[in-house]
Amino acid sequence: MTAADPVTTQIGQWQRRALLAGIAGVLLAITGFVLDREQFLRSYLYAYVYWTGMSLGCMGILLLHHVVGGKWGMVIRRMCEAGTRMLPYMFLLLIPVLLSIPTLYVWARPEALNDANIQTKAAYLNVPFFIGRTVFYFAIWFLYSHRLNKWSAEQDRTGDEQLIGKMRSFSAPGLVVFVMTATFAFIDWIMSLEPHWFSTIYGAMFLIGEVLESFAFVIALAIVLARWSPLKEYMTPQHLHDLGNLMFAFMVLWAYLSFSQFIIIWAGNLPEEIPWYLRRLNGGWGWVALTLVIFHFATPFVLLLMRGIKRHTDRLFRVCMLMIAIRLVDVYWVVEPSFYNRQLKVHWMDFATPLAVGGLWLAGYFWQLKSRPLVPLRDPRLQGAPRETVAF
């Protein structure tokens, strides 16, 4: 894209606005850090997990696209690639968490030495191993992001069709590796906040939610960018329908895993398991849970069953925005009760930190997005004009 392109100009405007919002959020967050360091770290953790999940979700979608093919992935591929290129920056933003592990995690505090339950997990839950695992996760993600983005750019230059098979062969085992590393990352960063509790579904459930969040983001962005060339020439109602179906599938999978975890733990009623839900269903948190049931599952389930919504830009865009917003609520509901012991508490830093991290993430994302063509230029699967383009 050149600087004179309308789409480049628009993305540049979004980048500047996101950067200004991020700077404002950073100033607020710094103020919060000075006033209450512990509260800042609690709020920062959930904001960090949400926006890092956006990048990880983009990687999951990208790997899935290269493995299964399908024209649905061609119109969002560059948007997913831009998301994966934000992972190095997200590693830098994790440094405040790594420097404050004892403040956030009970198992890293001196009093954990007197807790027999935590000590049985000490071989896994210790600060050096925690940091080492985190570095390992990001190293794996960097590798896959770098290789796939490198081959994609090379395909733009050369048009080499062999690169399609190369990316597929690399992505097939990579999808398995990605699921494993991302699952353990969420177990480490979030589930270990309550070291007496565990769930084998937890990591997968959270990962699926982050992929769902990223699907909503890239679909909404694709709908907006399809107003201009070059995406305008390629986006069709069928693309929207297919993407809407994929978002629907991941939403249902998230609901299935969430309900499975709930019903198994609730039916078992074990003293080491049930407190996790008691914290999130009492003291006002139950209203947040009800909001998630209605707007994270019931409402989008009904809407995305309708073919007319999935093939209509404005309607599908609204559903995507709903999913993006409600995912932030879900991450808050999962993370924050770990600190507040059954009492709903909303602090102003719970708004400032997502603004800070999100503004910086979006500014970097739009900078990455405008650095490359919006569509794979020489991928043969994109060649040929569509019979029907979307109407706005």
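Start with α11 (237–268). Its six residues are the largest share of the lining of the largest pocket. Helices here are DSSP runs of H or I with at least four residues, numbered from the N terminus. The model is predicted: local features need pLDDT of at least 70, side-chain atom pairs count only at pLDDT 80 or more, and totals for chains, interfaces and linings use all residues. Residues are numbered from 1 along each chain as its sequence is written, and side-chain values use heavy atoms, leaving out hydrogens and water.

**The pocket**

Select W254, S258, F259, F262 and V293. Of the 18 lining residues, these lie nearest the centre of the largest pocket. A pocket is an open set of points on a 1 Å grid over the protein atoms alone, where a 1.4 Å probe fits, with protein on both sides within 12 Å along at least five of seven lines; lining residues have an atom within 4 Å of a point. About 420 Å³ of space lies inside the largest pocket, the volume being the space filled by probe spheres set on the points. By class, the lining has 15 nonpolar, two polar and one charged. Ala, Val, Leu, Ile, Met, Phe, Trp, Tyr, Cys and Pro count as nonpolar, Asp, Glu, Lys and Arg as charged, and the others, Gly among them, as polar.

**α10 on α11**

Stay on α11 and select α10 (residues 202–225). The two axes come within 9 Å and cross at roughly 155 degrees. That makes α10 roughly antiparallel to α11 (angles over 145 degrees count so; under 35 is roughly parallel, 65 to 115 roughly perpendicular, the rest oblique). Contact means heavy atoms within 4.5 Å. Among the contact residues are F215 and I219 of α10 and F250 and W254 of α11. The contact divides into 19 nonpolar, three polar and no charged residues.

**α2 on α15**

Go to α15, then select α2 (residues 37–68). Their axes come within 10 Å and cross at roughly 135 degrees. The two helices are therefore oblique to each other. L45, Y46, V49 and Y50 of α2 meet I324, R327, L328, V331, Y332 and V335 of α15.

**α3 on α8**

Last, select α3 (residues 77–84) and α8 (residues 127–158), whose axes come within 10 Å and cross at roughly 140 degrees. R77, R78, E81 and T84 of α3 make the contact with S145, L148, N149, S152, Q155 and D156 of α8. This contact has one nonpolar, five polar and four charged residues.

Note on methods:
Axes fitted to C-alpha atoms, helices over the stretch in contact; angles between N-to-C directions.
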